[in-house]
Amino acid sequence: MNDEAVKHLWDLWKVNKALIKGLKGAVIALEKMDELSLEKRQDVIESLRKLISQNEKLSQKGPTKN
């Protein structure tokens with residue numbers, strides 16, 4: 001496997017890991033919505049938005065043809 005393919009697979013792995021982390025955070029927030037203060041909810045929302053933004057940047061370039 002060439003270096004470019006390995007880098008692309010590594011990037012995909014990182015994106016997937018971050019997306020799973022974000023989804024877990026969303027599930028926790030939804031389960032505890034009544035227990036969370038407005039400030040805590042905003043913190044969770046901002047964290048999820050940050051994850052989305054980071055992953056959008058990673059996935060913008062798309063795969064390349066060799």
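Student: Buried means under 20% relative accessible area, exposed over 50% and partly exposed in between (1.4 Å probe, protein chains only). What share of the 66 residues is buried here?

Tutor: Buried residues account for 12% of the 66. This is a predicted model, where local features need pLDDT of at least 70 and side-chain atom pairs count only at pLDDT 80 or more, while totals for chains, interfaces and linings use all residues. Residues are numbered from 1 along each chain as its sequence is written, and side-chain values use heavy atoms, with hydrogens and water left out.

Student: Fine. How many helices and strands does the protein have?

Tutor: Two helices and zero strands. Helices (H or I, at least four residues) and strands (E, at least two) are DSSP runs, numbered from the N terminus. Helix H1 covers residues 3–31, and helix H2 covers residues 38–59.

Student: On to charges. How many salt bridges are there?

Tutor: There are three. The cut-off is a side-chain nitrogen of Lys or Arg within 4 Å of a carboxyl oxygen of Asp or Glu.

Student: Which residue does Lys-7 pair with?

Tutor: Lys-7 meets Asp-11, side chain to side chain, at 3.0 Å from N to O. Both residues sit in helix H1, four residues apart, which is about one turn of the helix.

Student: And who pairs with Lys-14?

Tutor: Asp-11 again: the side chains of Lys-14 and Asp-11 form a salt bridge at 3.7 Å, N to O. Lys-14 and Asp-11 are both in helix H1 too, three residues apart, again about one turn.

Student: Is Asp-11 buried or exposed?

Tutor: Asp-11 has a relative accessible area of 12%, so that residue is buried.

Student: Why do Lys-7 and Lys-14 count as partly exposed, then?

Tutor: Lys-7 gets that label because its relative accessibility is 41%. Lys-14 gets that label because its relative accessibility is 35%.

Student: Which residues do shared partners join into one network?

Tutor: Lys-7, Asp-11 and Lys-14 are linked that way, through salt bridges that share partners.

Student: Switching topic: how many aromatic pairs does the structure hold?

Tutor: One. Trp-10 and Trp-13 make a stacked pair, because their ring centres are 4.9 Å apart and their planes are at 20°. Rings of Phe, Tyr and Trp (its six-membered ring) pair if their centres lie within 6.5 Å, and planes under 30 degrees apart count as stacked, over 60 as edge-to-face and the rest as tilted.

Student: Where do Trp-10 and Trp-13 lie?

Tutor: Both are in helix H1, three residues apart, or about one turn of the helix.

Student: What relative accessible area does Trp-10 have, and what about Trp-13?

Tutor: Trp-10 has 49%, so that residue is partly exposed. Trp-13 has 44%, so partly exposed applies there as well.

Student: Last one. What about Leu-9, buried or partly exposed?

Tutor: Leu-9, which also belongs to helix H1, is at 45% relative accessibility, so Leu-9 counts as partly exposed.
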